[in-house]
Structure formats: C-alpha cells, structure tokens
Amino acid sequence: LTDARFRPFFRTQHRGDGRWIVETGARFGTGAGRMRRVETACTAQGLGNSASCFNAVGAAQVAKSSLTGMRLFNRLGGIIPIWPFDPVPARGPMIVEIYTTIAARHAGIGGGRSKIRDAKTLDDALAAFDTRPHARLTGYDDHATDAILTTAWLRRAASREGLWRPAGMSDHVARTEGWTFGVE
C-alpha cells in the first residue's frame, strides 16, 4: 500500500501532520471504487453490496485482508488447491473465497440483518439448511455465527455444479480476478 507503483489503485489512510488522511488513488475510481466482475454480479443478484478489494479504509476495507490472504496462498505453494485458479479435486480440501452474506440470504435472512448475534436466530437460519441446532456457544458474535452458518450452507451448495462454473466467470476472469463461491 505504500509502494508508489501500486498506491494509485487503492483507497488508503495515512498520517499527515498529526492526523489521519484518507487518500483515494487516481486509479481507484469513484464511489465504491474498482470492482471485480464477481463483486458487480454479487450486488446485481441482491446478495449484498460488495466492497472493492482495493479499499483499505473504514468498515468496508477489504484490501488489507485480501493482500494478507494472497501472501498466505503464495506460501502454500500449491499444497492445497485454490478455486477457481486450480481444478476442483475429486476429494480432499480446497480453498474457496466466500461472502458470508450469501449463506445468510439463502437461509432467508434479509438485507441489513445478516449478522447473527443470538442462538435462536442462528438455529432458525440453520434449519433452512436442514441442519440441527448448534452446540451452545459461550458468546455470540458474527464471526462465530458466520462460520457456523456458512459451513451449513457450503455443505449443501457444494453439490450444485453451476456454482463451480458460474455464467459470469470466464476462464480469463477465473485466472485474473478469481470468483466468490455462490455468486452465479
């Protein structure tokens, strides 16, 4: 984010004259910023308003996690396949990008309410995937409930062949931008 060659692509925040300054790079774009094709498709399908993976500021920042994840995946050196860059294995682990709001939408949870923070709402959402009630947690935050609900959704969604080959994901897009599993 500090490299002059790449900084123009990001919305960043830095300290200047003792205060934080938000700086939008010339190639970031306007409004929400530059979007991948999957982010545009996700919003168009009513699965939530995606954030640009080039945004490194505020609550909707995705850039820092994206860059961290890319470094981790590079270190894996092909040990675990990453969809859609690698072929889907016949069996075994695979890494997929997910957007937890997609699982919430498929469970019948409407926009603006996808963050679950209580046991009853979680169990109601799990029931939509024919999943039994969860083992009680010591605390309910959206990180834990997102993981539980998304796992239940993935168990069902993984068998849908069309999700592995969505219409909007050309070979070029798969190679250069990736895709979020569940966006058709």
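**Side-chain contacts**

Reply: Asp124 is partly exposed, at 45% relative accessibility. Keep in mind that this is a predicted model.

Me: Which residue forms a salt bridge with Asp124?

Reply: Lys120 does, with the closest N and O atoms 2.7 Å apart. Lys120 is exposed, with a relative accessible area of 57%.

Me: How many salt bridges does the structure hold?

Reply: It holds 11. One of them joins the side chains of Arg37 and Glu177, at 2.4 Å from N to O. Arg37 is in helix α1 (residues 37-44) and Glu177 in the segment after α7 (171-176), so this pair ties together parts 140 residues apart in sequence.

Me: Is Arg37 buried or partly exposed?

Reply: Arg37 is partly exposed, with a relative accessible area of 45%.

Me: Which residues are linked in a network of salt bridges?

Reply: Arg36, Glu39 and Glu97.

Me: Switching to rings. How many aromatic pairs are there?

Reply: The structure holds 5. Among them is Trp83 with Trp164, edge-to-face, at 5.5 Å centre to centre and 90° between the planes. Trp83 lies in the loop between α2 (63-76) and α3 (100-106), and Trp164 in helix α6 (residues 161-164), so the pair ties together parts 81 residues apart in sequence.

Me: Where do they stand on burial, Trp83 and Trp164?

Reply: Trp83 is buried at 4% relative accessible area. Trp164 is buried too, at 16%.

Me: Which residue lies over the face of Phe54?

Reply: Arg34, at 4.9 Å from the ring centre.

Terms used: Residues are numbered from 1 along each chain as its sequence is written. This is a predicted model: local features need pLDDT of at least 70, side-chain atom pairs count only at pLDDT 80 or more; totals for chains, interfaces and linings use all residues. Side-chain values use heavy atoms; hydrogens and water are left out. Rings of Phe, Tyr and Trp (its six-membered ring) pair if their centres lie within 6.5 Å; planes under 30 degrees apart count as stacked, over 60 as edge-to-face and the rest as tilted. Helices (H or I, at least four residues) and strands (E, at least two) are DSSP runs, numbered from the N terminus. Buried means under 20% relative accessible area, exposed over 50%, partly exposed in between (1.4 Å probe, protein chains only). A charge sits over a ring if NZ of Lys or CZ of Arg is within 6 Å of the ring centre and within 35 degrees of the ring normal. A salt bridge is a side-chain nitrogen of Lys or Arg within 4 Å of a carboxyl oxygen of Asp or Glu.
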